[in-house]
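Visitor: I would like to go through this structure term by term. Please set each label against its cut-off.

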Amino acid sequence: MDFQLSEEHRLIQETARRIAKEKIAPRAAEMDETGEYPHDIFAAFKETGLTGLTIPQQYGGSGAGMLALALAVEEVAKYCCASGLMLLLSALPSQPVMLGGDERQKKLIGEGIASGNMKGAFCLTEPNVGSDAGNLETRAVRDGDDYILNGEKMYISGGTVADYAIAFARTNGTPGPKGISAFIVPTNTPGFKVVGQDRKMGVRGVPTADIVMQDCRVPRENLVGGVEGEGFNHAMLTLNSCRPVVGARGVGLAEGAMTYALEFARNRMAFGKPIAELQAIQFMFADMAIQIEAARMLVYQGAWRVDQGLFGREHAVYLSIAKAHATETAVKVSSDALQILGAQGYMMDHPLERHYRDARQLMIVEGTSQIQRVVISRALLDRQLVYP
Ligand SMILES: Cc1cc2nc3c(=O)[nH]c(=O)nc-3n(C[C@H](O)[C@H](O)[C@H](O)COP(=O)(O)OP(=O)(O)OC[C@H]3O[C@@H](n4cnc5c(N)ncnc54)[C@H](O)[C@@H]3O)c2cc1C
């Protein structure tokens with residue numbers, strides 16, 4: 001067992017840390033207030049190759065892997081969880097193609113994402129289905145050498161700036177997951193429309209979009225992997241593989257919140273001494289550190305598992321545990337950190353109320369905390385997770 005990061009991992013971590021401190025930290029509050037996508041931050045990721053970490057070298061990326069992406073996301077999320085999501089979006093809409101696409105599709109999407117010349121969006125959720133994605137209603141009907149897509153997708157991260165969408169749609173009458181296929185849909189395809197942008201509580205730097213596909217025609221070659229009925233599998237493997245990176249957003253956020261509160265507590269006086277000298281406050285920090293360290297280990301181990309190819313159904317439990325624990329840690333730690341600032345924590349002059357609002361997103365996206373517990377308890381009952 002080796003807990004040391006490789007030289008490559010350390011370099012990626014340092015690069016992300018530098019961008020986070022120099023470019024992201026000064027812009028984080030403004031991004032939150034304006035709700036505008038920060039193209040300058042994306043440019044910094046692009047210039048330093050951080051958009052290609054999970055893309056294999058033969059398709060234009062560095063092939064550094066999911067642990068590398070988790071490390072970069074952790075650094076960025078210390079200051080801005082939305083910027084962590086921007087980086088995560090290099091993987092979420094490219095993984096379905098990297099996992100299930102044909103060579104041409106992998107080259108197209110891999111090179112586009114790694115170079116930063118393309119942005120993607122992962123379009124699974126619909127007005128009538130979120131957790132129950134196997135029952136999605138968007139249709140793709142074969143018409144000669146094309147498919148025609150009709151349906152609506154909701155809450156799509158990065159949907160307003162994406163060049164292509166991975167859209168999941170039902171391709172035959174088969175109900176449930178087996179009837180679902182994945183398509184690469186360029187967002188300039190006639191009939192593909194962003195019809196709304198959500199007014200949301202946090203993570204406001206990356207807008208989420210309401211998308212309608214109306215008689216949206218794509219060539220058959222855009223069916224991911226060229227085989228109908230594989231889409232749900234691609235979606236689940238993608239979500240499994242990205243779960244540690246959602247967790248990394250939580251770990252980074254918690255670290256940033258705790259660090260900020262710690263500095264505050266050293267200087268804030270009450271009853272004649274800094275509040276950092278009160279044992280009640282010290283124990284709050286100790287609890288934060290316990291949760292953060294546990295979450296970090298789970299996230300790194302989960303990402304390492306993904307890099308070993310261990311993210312199929314039988315391994316999903318570890319990824320769900322990492323996601324659930326790290327995202328719930330983010331909520332708890334940001335709440336406690338805010339509390340330590342007292343009234344000041346509640347004010348927008350400090351970043352903690354933003355961290356707290358941002359953290360709440362993490363327990364919902366890419367499988368809610370409840371859905372992670374469905375996966376975890378199923379693994380226990382099916383004897384996939386055993387302690388012999
Ligand atoms: C900011 C933001 C960004 C998002 N980005 C994207 C994106 O890029 N792409 C995308 O496709 N989607 C995206 N989503 C959607 C997100 O993935 C869904 O919101 C999530 O999967 C939950 O679906 P739902 O909101 O429809 O809740 P529902 O599925 O309706 O669930 C409602 C409640 O019931 C619980 N529940 C449901 N089923 C079960 C069960 N079997 N057991 C126990 N409890 C259950 C849930 O945990 C939840 O508390 C985003 C959402 C947000 C908030």
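Visitor: Why is Ile184 called buried?
Guide: A residue is buried if 20 or more other C-beta atoms lie within 10 Å of its own, exposed if 12 or fewer, and partly exposed in between, with C-beta atoms placed from the backbone. Ile184 has 22 C-beta neighbours inside 10 Å, so Ile184 counts as buried. This is a predicted model: local features need pLDDT of at least 70, side-chain atom pairs count only at pLDDT 80 or more, and totals for chains, interfaces and linings use all residues. Residues are numbered from 1 along each chain as its sequence is written.

Visitor: What places Ile184 in a strand?
Guide: Helices (H or I, at least four residues) and strands (E, at least two) are DSSP runs, numbered from the N terminus. Ile184 sits in strand 5, residues 180–186.

Visitor: Which residues does Ile184 touch?
Guide: Contact requires C-beta atoms, placed from the backbone, within 7 Å. Leaving out residues up to four places away in sequence, Ile184 touches Val97, Gln105, Ile109, Tyr164, Ile166, Asn222 and Val224. Pro219 is 35 residues from Ile184 in sequence, and their C-alpha atoms are 9.4 Å apart.

Visitor: How do you know that the span of helix 8 agrees with its number of residues?
Guide: The expected span is 1.5 Å times one less than the number of residues. For the 37 residues of helix 8 that gives 54 Å; the end C-alpha atoms are 54 Å apart, so the two agree.

Visitor: Where is the kink in helix 8?
Guide: The bend at a residue is the angle between axes fitted to the seven residues ending there and the seven starting there. At Cys242, shortly before the proline Pro244, the kink is about 40°.

Visitor: What makes helix 8 mostly covered?
Guide: Of its 37 residues, 30 are buried.

Visitor: What makes a nonpolar core, and which residues have the most contacts inside the largest one?
Guide: The set holds buried Ala, Val, Leu, Ile, Met, Phe, Trp, Tyr and Cys residues joined through C-beta atoms within 7 Å. The largest has 125 residues; Ala70, Ala72, Phe183 and Val245 have the most contacts inside it. Helix 8 (residues 231–267) gives the most to this core, with 17 residues. Among the residues that Ala70 touches are Pro244, Val245 and Ala248.

Visitor: How many residues of domain 1 are in contact with domain 3?
Guide: 26 residues of domain 1 are in contact with 25 of domain 3. Helix 4 gives the most to the domain 1 side, with nine residues. The bounds, from an automatic or database domain assignment, are 7–115 for domain 1 and 232–381 for domain 3.

Methods:
Contact = placed C-beta atoms within 7 Å.
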